[in-house]
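User: I am new to reading protein models, and I would like to understand how the terms are applied. Could you take me through this one?
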Amino acid sequence: MPALRDPFVPDALAERLRAKRRNIRPVEALAYEPAKPLFAELLDGRGHGTGQFVRLSQGMVERITRVVRGSE
């Protein structure tokens, strides 16, 4: 049975893709690990800690990091 040919992939590129060695990873490396939660202390109007903590989402941590670095 002849190999199916994709009309959108040129033959030269198809050959290079077939010849390229695959990056094989163990299954354990593919397991999802959630990010560690980050807790922040609430501050009062004077900037002093109140003793109350809130959990920040990963997205919030990334946004804060971008603002602090000045890349937003």
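User: What makes the span of helix α2 close to the expected one?

Analyst: Helix α2 covers residues 58-69, and its 12 residues reach 17 Å from the first C-alpha to the last, close to the expected 16 Å. The expected span is 1.5 Å times one less than the number of residues, and a helix here is a DSSP run of H or I with at least four residues, while a strand is a run of E with at least two. After α2 comes G70, whose phi is positive, near 80 degrees.

User: What kind of model is this, and how are its residues numbered?

Analyst: This is a predicted model, in which local features need pLDDT of at least 70 and side-chain atom pairs count only at pLDDT 80 or more, whereas totals for chains, interfaces and linings use all residues. Residues are numbered from 1 along each chain as its sequence is written, and side-chain values use heavy atoms, leaving out hydrogens and water.

User: Why is the pair D44 and R46 called a salt bridge?

Analyst: The rule asks for a side-chain nitrogen of Lys or Arg within 4 Å of a carboxyl oxygen of Asp or Glu; the closest N and O atoms of D44 and R46 are 3.6 Å apart, so the pair qualifies. The count by this rule is one salt bridge.

User: Why is R46 called exposed, but D44 partly exposed?

Analyst: Buried means under 20% relative accessible area, exposed over 50%, and partly exposed in between, with a 1.4 Å probe and protein chains only. R46 has 68% and therefore counts as exposed, while D44, at 27%, counts as partly exposed.
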